[in-house]
Amino acid sequence: MKKSLVAGLACLSLSLSSTAPWAVLAAPHETVTTDNGQSTLQPITSNVAVIAHRGASAYGPEHTLAAYKQAIKMKADYVEFDLQMTKDGQLIAMHDETLARTTNAKELYPNRAPWRVKDFTLDEIKRLDAGSWFNAAHQELEKKEYIGQQVPTLDEAIQFVKKHGHGKVGLYMETKAPNVYPGMEEKLIEILQKNKVLVSKNLFLESFSEDSLRKLKTLAPNVQLIQLYTGAMLKGKDMYQEFKRISDYASGVGPSKELVVPKFMEAAHQNQLLVHPWTVNSQDDLASLLSLGVDGEFTNNPDKMVELVDKPFISHGVASGDVTDTSAILWARTSGATNVQFELSTDSSFKKPFIVKTVHAGAEHDYAVQTKMDGLKPDTTYFYRAHAVSSSYTVNGSFKTAPAENSLKPLTMVWGGDTGGQGEIPPYNSFKAMSDLNPDFFLFSGDTIYADNKTPAVPNPPSQSVQDFWAKYKENRTDAGLRSLLQKTATFSIWDDHEVTNDFSGPSQPLTPTGLNAFKDYWPISDDRSNADKLYHTYSYGDTLDMMILNNRGYRDPNTQADGADKTMLGGEQLDWLKKQLLDSDAKIKLVATSVPISVPTGKANARDGWANGNQVNPNDPTGYENEFKKISDFIMEKGIKNVFFVTTDVHFAQVIKYDANHDGKTDYHELISGPIGAVKINPGTLDPTFSPESMYAEGNFFNFGVFKVDPATNKATVEIRDENGKTHFSHDFQLED
Ligand code: G3P
Ligand code: CA
């Protein structure tokens, strides 16, 4: 891992202050490192290795000195040789057991099918051309020097890398098909000894064969051995136990890249095993595996990886958020201190980007940056891209601005929450299913992390330092589905309790400022919301919908406090603001985005966390916030405010509820609940009767998310609850009132 990447992974900060007793403000903090010192989603080596897979095999014929030369020129840390053995017991660098694919054996020895290496002597193999096939297969990359390239012996390959690498380039060799070549391990060790590289710390021996590696362990106890894995080899195995078992001979594991998820990283790093996935060629894949904390990667494109590990780059994707009809917040995170350039355009080829902004990424925000793009046109799709000025690696995104005020446009939004709790960690399937719906925007309804739960990012919870909180956000951003949803959809994120700690009340929870800082660092949040840390604000989608985003944590009285006229969840100012927003809104739909439910009792008895006191399950429970919700409910009915929908997650099951709080037989407002996306799955229970709820649908024990569509033309709104694969479990049309 080059110096720049080290810097990017670690940071430390803390100080606490609070002004008005009921208001919680984020405290400015000094910053030293960004590493939380416990995450298993970061390299356990100080040198993330660029391993040139079969040489720089994207640019030249694999396993030829020409391809090795390019790998060295591209500053790879290691050149990888696959080994086969000839009829006369010589080790050569070749991937396949036959000569057919990468030499002209078929032409030179037409009657020797299937041209198995073990059927040819070294002399016969040395007459082969191991380069021309590449020119034929990759005409855009063809080079004269590839014609007549020989198959190198292991000896020649080692001496070539030693000579041209000036001792800085390491060797990485795989015993391929050891069962076909008895004695291959002994031959290998003999050649390594002869070339005085056996003791080198820049040497790795790898194999899919455990027997072969255990044999090498006996022959050369101090050599670093890498156990390679395909998915089939790990199927049904407890990874932690498997890695514990192999750690008596292996220094690391080499998994096929799709196997690398947080659980894999945790199991390997907890056993002090390096993780070197194969074969990773696109910069997106290289970057996403680096964000998981791998210790090296096999790649056909060593140059692309060197560029990432050498200089700060966009490490955890991009996002857009708090989008209005004329503005958007763009977000990105880099792997180290640098400047980030954002370009915005209405054409995806960026021929003439019309806004270009550069922002500095510093350790004080864990190298996360955000910037406001203003002066945009309503109802327009914008394309943006971001890159660290130190790097050519660019990440693209897009979003659509809200329609102009007073316009009535159809809308599709998705909402979900509860991600990373009770042992659930990436990958989460729901995000891809959401993304596939091409929604106009995504409402992330809280518990976007579980700071107080054990996961690979924080194996010793609860999160204390801002680095712990940052590590949690980075952990969830390793989810490819979430990254792609954020890249192509405007997102509105709200916090709930697990962004700080379970069931917390802002003013009285010491961790609030730290959790709040990290939340603001990792979500694109407009000044409208982040000023004074209000976090509550209204976003309009033309006259189709007004979304009033609440802050259910920042101003809350303690859950244990007995309910009464003065007990508040929102704080007086926010409560007045909400009433005014509901009254002033002339949108078809008034959507109240709340992070806690109305009638599902949550939290604990005598410390209820939602509005309900749950006295249907705990008679005379003095807590909850029903007094305050009654003020909101009564206001809606008194003012005859129509088409009000409360949208939430938090309860870890899906439910759709209608309320007739004044018992006049007419529905006064609805509540739409989805989730979890990735947390413990719970079954629905009974509802607190206070506001006369009637359940229209309730289903638990499955991962799910919600879809809300509004069609002004038919004056209808539709709610859907879909499972993590996108299958609809419930759908209902609401005829809207005029
Ligand atoms: O050695 C790591 C990786 O290369 C394994 O697959 O088939 O390319 O040798 P393969
Ligand atoms: Ca290999």
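A polar side-chain atom of Lys176 is placed 2.9 Å from an oxygen atom of ligand 1 in this predicted model. Two further polar contacts (pairs of N or O atoms within 3.5 Å) involve His53 and Glu174: a polar side-chain atom of His53 lies 2.7 Å from a ligand 1 oxygen atom, and an N or O atom in the side chain of Glu174 is 3.0 Å from an oxygen atom of ligand 1. On its own, ligand 1 has 280 Å² of accessible area, of which the protein covers 92% (Shrake-Rupley method, 1.4 Å probe). The residues around ligand 1, each with a heavy atom within 4 Å of the molecule, are His53, Arg54, Glu80, Asp82, His95, Glu174, Lys176, Glu206, Phe208, Leu228, Trp278 and Phe298. This shell divides into four nonpolar, two polar and six charged residues, where Ala, Val, Leu, Ile, Met, Phe, Trp, Tyr, Cys and Pro count as nonpolar, Asp, Glu, Lys and Arg as charged, and the others, Gly among them, as polar.

Residues are numbered from 1 along each chain as its sequence is written, and chains are lettered from A and ligands numbered from 1 in the order in which they are written. Local features of the predicted model need pLDDT of at least 70 and side-chain atom pairs count only at pLDDT 80 or more, whereas totals for chains, interfaces and linings use all residues; side-chain values use heavy atoms, with hydrogens and water left out.

The largest pocket has a volume of about 670 Å³. A pocket is an open set of points on a 1 Å grid over the protein atoms alone, with protein on both sides within 12 Å along at least five of seven lines; a cavity is a set of points where a 1.4 Å probe fits but cannot get out, and lining residues have an atom within 4 Å of a point. Volumes are the space filled by probe spheres set on the points, which are joined across faces, edges and corners. Of the 32 lining residues of the largest pocket, Val260, Ser288, Leu292, Thr478 and Ala480 are the closest to its centre. Two or more residues each come from helices H11 (262-270), H12 (283-290) and H16 (480-488) and from strand S10 (314-321); helices (H or I, at least four residues) and strands (E, at least two) are DSSP runs numbered from the N terminus. The lining of the largest pocket comprises 17 nonpolar, seven polar and eight charged residues.

Four cavities of 30 Å³ or more are found in the whole structure. The second largest cavity holds about 90 Å³ of space. Its lining numbers 13 residues, with Val323, Ala402, Phe441, Phe492 and Tyr541 the closest to the centre. Strand S20 gives the largest share of this lining, three residues. By class, the lining of the second largest cavity contains nine nonpolar, two polar and two charged residues.

The count of salt bridges comes to 39 (a side-chain nitrogen of Lys or Arg within 4 Å of a carboxyl oxygen of Asp or Glu). One of them joins Lys409 and Asp379 at 3.4 Å, N to O. Lys409 lies in the loop between strands S16 (394-400) and S17 (411-416) and Asp379 in the loop between strands S14 (368-373) and S15 (381-388), so the pair ties together parts 30 residues apart in sequence.

Backbone geometry was also examined. A cis peptide bond with omega of about 5° joins Pro461 and Pro462.

Notes: A polar contact is a pair of N or O atoms within 3.5 Å; within protein, one must be able to donate a hydrogen and the other to accept it, and residues adjacent in sequence count only if both atoms are side-chain atoms.
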